[in-house]
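Thanks for coming. I will take a few minutes to walk through one structure, starting at its surface and then going inside.

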Amino acid sequence: MQGTVDGFSYGAVTPLVAYLMACLGGALGLRCTTRSLLVTHSWRPAWLALGSAAIGSGIWTMHFVAMMGFAVKETPIHYDKSITYASLGLAVVMVGVGIFIVGYRGATGTALFTGGTITGLGVASMHYLGMAGVRFHGRFTYNTLTVATSVVIAVVAATAALWAAGRVRGFLWSVGASLVMGLAVSGMHYTGMAALGVHLDGTTHSAGGAPEPSVLAPMLIGPLAFLLLAGVVVIFDPLMVMGRPVPRPIEHKPGVPAAAVTSHPDRRAALHEERRPAHHVSRTPQNR
């Protein structure tokens with residue numbers, strides 16, 4: 001028996017909130033990735049890890065906020081918590097691999113293509129693994145061509161986002177990039193949902209409908225809290241907001257190890273002090 005799918009049980013509310021979550025995660029992740037390119041190598045892994053977790057959490061939160069409006073009219077649906085949380089872990093890990101590649105190799109050429117492909121596949125994998133955690137009296141089927149289209153959208157969006165993280169420095173440009181990324185991620189989600197078909201078991205079923213917010217809300221608390229904390233970090237770090245180094249002494253310039261920088265002023269000062277007495281002595285006989 002074919003089931004009737006409704007992806008907008010709450011109207012435009014869930015798509016809009018889901019889009020904002022995707023934009024928030026993308027904005028935080030892009031700023032963290034940009035920040036990692038402006039610091040020494042010792043701090044870079046921490047910023048890249050924070051960016052990976054922000055993007056992964058934003059994408060995952062976007063997916064399940066959108067799923068609050070998903071319903072099969074002929075049967076109630078539930079969620080397998082272990083698979084649901086596994087999809088979050090998968091998103092963070094695969095996005096992290098892509099971001100670390102770009103963070104250390106640069107947002108150009110092979111590194112950008114490889115990082116964008118892995119990140120995009122992580123977004124798509126999170127989506128379809130999350131859908132595998134949906135439980136109801138039946139099974140999902142997918143249109144292969146539409147699924148392939150959704151994966152292409154995810155890869156292109158991820159590649160564009162990583163390029164922006166490596167190239168875009170202005171705050172307004174970064175905001176624009178996050179809005180585009182949120183649109184692409186949401187587009188990937190709803191393209192994947194358009195590929196969905198529902199086959200029900202048997203012919204008699206209880207009344208269905210969208211799951212109560214209390215079903216998914218507890219699972220969203222952790223990622224949402226993390227995104228808020230990451231947002232606080234961005235707000236109170238001017239370098240992350242502006243996307244460019246602020247004027248500081250030379251020992252704090254980005255991309256140069258502190259030990260290598262601090263040694264140069266000391267060396268120049270020492271040489272200067274050594275030269276001044278010698279220069280003074282050489283002129284004394286002439287003055288006499």
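A surface patch, in the sense I use here, is made of residues with over 30% relative accessible area and no salt bridge, and nonpolar side chains are joined into it within 5 Å. Please also keep in mind that this is a predicted model.

With that in hand, look at Phe171, Leu172, Val175 and Leu179, which make up a nonpolar patch on the surface. Together they have about 370 Å² of accessible area. Leu179 lies in helix H6, which covers residues 171-194.

Now the chain as a whole. It has 9 helices and 6 strands. Of its 288 residues, 44% are buried. The chain exposes about 14300 Å², and carbon and sulfur atoms supply 68% of that. Taking contacts between residues at least 6 apart in sequence, 87% join residues at least 24 apart.

How many salt bridges does the structure hold? There is 1. Arg135 pairs with Asp80, and their closest N and O atoms are 3.7 Å apart. The two residues are 55 apart in the chain: Arg135 sits in strand E4, residues 134-135, while Asp80 is in the loop between strand E3 (78-79) and helix H3 (81-105). Both partners are partly exposed, Arg135 with a relative accessible area of 36% and Asp80 with 22%.

Next, the inside. In soluble globular proteins, nonpolar side chains tend to be buried together. In this model the largest nonpolar core has 50 residues, and the members that touch the most others are Met67, Phe70, Val134 and Phe140. Several elements give two or more residues to this core, including helix H1 (13-36), helix H4 (109-132), helix H5 (144-167) and strand E6 (196-200). Which element gives the most? That is H2, with 9 residues. Another core, of 7 residues, lies apart from this one, and among its members are Cys32, Trp47, Ala54 and Ala230.

Leaving out residues up to four places away in sequence, Phe140 touches Phe70, Met131, Val134, Leu196, Gly197 and Val198.

Ala66 is a second example, this time in helix H2. Is Ala66 buried or exposed? Its relative accessibility is 3%, so Ala66 counts as buried. Ala66 touches Thr14, Ala18, His189 and Tyr190, again not counting residues up to four places away. Of these, Ala18 is 48 residues from Ala66 in sequence, yet the two C-alpha atoms are 5.5 Å apart.

Last, helix H3. Its 25 residues reach 36 Å from first C-alpha to last, close to the 36 Å expected at 1.5 Å a residue. Buried residues in H3 include Thr84, Ser87, Leu88, Ala91, Met94 and Val95. An α-helix has 3.6 residues a turn, so residues three or four places apart point the same way. Ala86 is also in H3, but Ala86 is partly exposed, with a relative accessible area of 37%. Ala86 and Leu129 are 8.0 Å apart from C-alpha to C-alpha, with 43 residues of separation in sequence. After H3 comes Gly106, which has a positive phi, near 100 degrees.

That is the tour; I can take questions now.

Terms used:
Residues numbered from 1 in each chain as written. Predicted model: local features only at pLDDT ≥ 70, side-chain atom pairs only at ≥ 80, totals over all residues. Heavy atoms only, no water. Patch = residues over 30% accessible without salt bridge, like charges linked within 9 Å, V, L, I, M, F, W, Y side chains within 5 Å. Areas by Shrake-Rupley, 256 points an atom, 1.4 Å probe, with all protein chains shown as cover. Salt bridge = Lys/Arg side-chain N within 4 Å of Asp/Glu carboxyl O. Helix = DSSP H or I, 4+ residues; strand = E, 2+ residues; numbered from the N terminus. Buried < 20%, exposed > 50% of the residue type's maximum accessible area, 1.4 Å probe, protein only. Contact = heavy atoms within 4.5 Å. Core = buried A, V, L, I, M, F, W, Y, C linked by side-chain atoms within 4.5 Å. Expected span 1.5 Å × (residues − 1).
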